[in-house]
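Hello,

Here is the structure I promised to pass on to you. Have a look at it first, and then read on for what turned up.

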Amino acid sequence: MATSGQNRICFEDAPFSPVHKKIAVGTFMGQICDGYILGIVGIALSYATGVLGLDSYWMGLIGAGALFGILFGSLLTGIIIDRLGRKGAYALVSMIVLVLSVLQFFISAPSLLVAVRFMLGMCVGADYTVGVSLLSEWTPEKIRTKMMSWLMAAWTFGYIISYFAGFFIASLGDLGDDGWRWIISSSAVLAAITLIVRLGSPESPSWTLSKKGADAALKLVHAHLGTGFALPEQKEKTASASFFRLFSRELWRNTVTSCTFFLCQVLPFFAISIFLPVVVKGLHIANPHASGMMYNGFTMVGVIIGILIADKISRRAFLMWTFYGAGAILTMMTVWQTMPPTLAFVLLGAFSTVLAISIVAEWLYPPELFPTELRGSGVGLTIAASRIGAGMGTWMLPVVTEQYGVTTTLVCCIASLLIGGVVCQILAPETSTRFTCKPLSANESFAKA
């Protein structure tokens with residue numbers, strides 16, 4: 001039987017090599033494509049309303065279809081790839097996204113578009129699960145945290161370029177009734193690039209070791225890194241833990257914090273971002289297209305700032321400051337809708353930046369809240385809760401706006417931010433060891449995978 005071997009370097013300590021680059025590029029392209037898929041629907045629907053005869057109900061349902069799909073896709077894929085491996089699903093997801101993206105061009109019925117958007121959402125959820133798993137299990141340990149943090153920047157980049165791409169396609173000429181079709185199906189380009197990059201990607205060494213044994217895993221490592229690398233020393237396996245332990249006296253605060261902060265962040269993020277032209281118009285801001293481009297540009301800036309400062313301040317301060325800060329800015333914009341245009345632009349950019357800074361914690365904080373044996377269940381439950389909030393917020397935004405006006409919609413977003421801040425202030429544990437004065441408890445520790 002193959003062993004890790006003496007005088008060999010563990011593959012997790014290997015220098016960045018072509019196999020790492022291939023998986024990193026494939027996963028980052030997947031995140032860009034995922035963000036694009038979720039963002040492009042808002043622009044496409046602004047051109048499809050008359051063609052498809054959409055009312056506020058259908059607009060909200062189409063916009064939220066992919067978000068609801070993510071819930072099921074992430075949960076199901078986690079079970080599948082733990083049994084069958086990461087490699088097959090890694091390429092298959094991109095192939096299905098390509099087919100579904102093209103299929104959108106030929107749809108005329110709103111109900112069919114909802115169905116296809118739901119399936120695309122399942123693929124996005126699946127891609128999130130398999131891409132993050134494969135990348136984290138191949139990436140060298142010394143750069144793993146940095147690599148995983150920048151995934152949020154890749155997703156955000158895809159999300160905001162969809163806004164620019166949609167208006168660029170619309171400006172190419174008179175596309176007639178098919179204009180929205182070209183816009184919404186443009187995700188096929190990114191899906192095709194992602195598929196090409198991912199073809200030939202290897203299986204995860206960690207999964208291979210756990211399912212097929214040391215011989216198969218070592219053969220895989222030698223094939224892609226060289227014979228000078230070995231497997232890590234095998235540790236005693238942790239006994240499986242019950243899902244219901246998440247709600248025990250030991251962990252319920254962590255569970256409530258994780259689900260609530262994620263839900264309260266994504267609800268205003270998706271609700272405002274997807275239907276940004278509607279919101280900007282309701283705030284009486286001149287030139288909604290320019291305002292939207294500025295909003296999305298500052299979103300990217302905010303994510304980069306969030307990545308840079310996330311480990312320089314405590315997790316509790318990071319969460320509370322971003323919740324209360326975004327809520328305060330949005331409150332000022334809601335109450336004072338007749339403010340000078342220049343000030344309105346400045347506040348819109350500030351709100352976008354602060355809200356974008358906050359979402360960086362979505363990749364960092366939930367894994368820190370749960371011990372190793374319950375991390376998958378805890379993070380999975382957190383994602384499911386957040387997708388329910390994002391889906392419902394996106395579905396109901398155009399309905400609430402039509403019935404009660406944009407002010408009521410923004411008040412709901414402010415309430416979401418306020419609830420998130422209060423819950424984090426009362427319940428959120430500090431997980432950063434740089435800002436704790438005493439050792440953390442088992443359930444609060446920054447457990448390593």
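This is a predicted model: local features need pLDDT of at least 70, side-chain atom pairs count only at pLDDT 80 or more; totals for chains, interfaces and linings use all residues.

Let me begin with the ends. For the chain as a whole, pLDDT averages 81, and 86% of the residues reach at least 70. Of the chain's elements, helix 7 (residues 187–198) has the highest mean pLDDT, 96, while helix 11 (residues 276–282) has the lowest, 61.

Now to helix 4 and two of its partners. Helix 3 (residues 87–103) and helix 4 have axes that come within 9 Å and cross at roughly 155°. Because angles over 145 degrees count that way, helix 3 is roughly antiparallel to helix 4. Their crossing is left-handed. On the helix 3 side, the residues in contact include Tyr90, Val93, Ile96 and Leu100, and on the helix 4 side they include Met119, Cys123, Asp127 and Leu134. By class, this contact has 14 nonpolar, two polar and one charged residues.

Helix 2 (residues 56–84) meets helix 4 (residues 110–138) as well: the two axes come within 6 Å and cross at roughly 35°. Here the crossing is right-handed. The residues of this contact divide into 17 nonpolar, eleven polar and one charged.

I hope this helps you find your way around. Happy browsing!

Best wishes

How values were computed. Residues are numbered from 1 along each chain as its sequence is written. Side-chain values use heavy atoms; hydrogens and water are left out. Axes are lines fitted to C-alpha atoms, for helices over the stretch in contact, and angles run from 0 to 180 degrees between N-to-C directions. Helices (H or I, at least four residues) and strands (E, at least two) are DSSP runs, numbered from the N terminus. A crossing is left-handed if the near helix is turned anticlockwise from the far one by less than a right angle, and right-handed if clockwise. Ala, Val, Leu, Ile, Met, Phe, Trp, Tyr, Cys and Pro count as nonpolar, Asp, Glu, Lys and Arg as charged, and the others, Gly among them, as polar. pLDDT is the predictor's confidence in each residue, from 0 to 100. Angles under 35 degrees count as roughly parallel, over 145 as roughly antiparallel, 65 to 115 as roughly perpendicular and the rest as oblique. Contact means heavy atoms within 4.5 Å.
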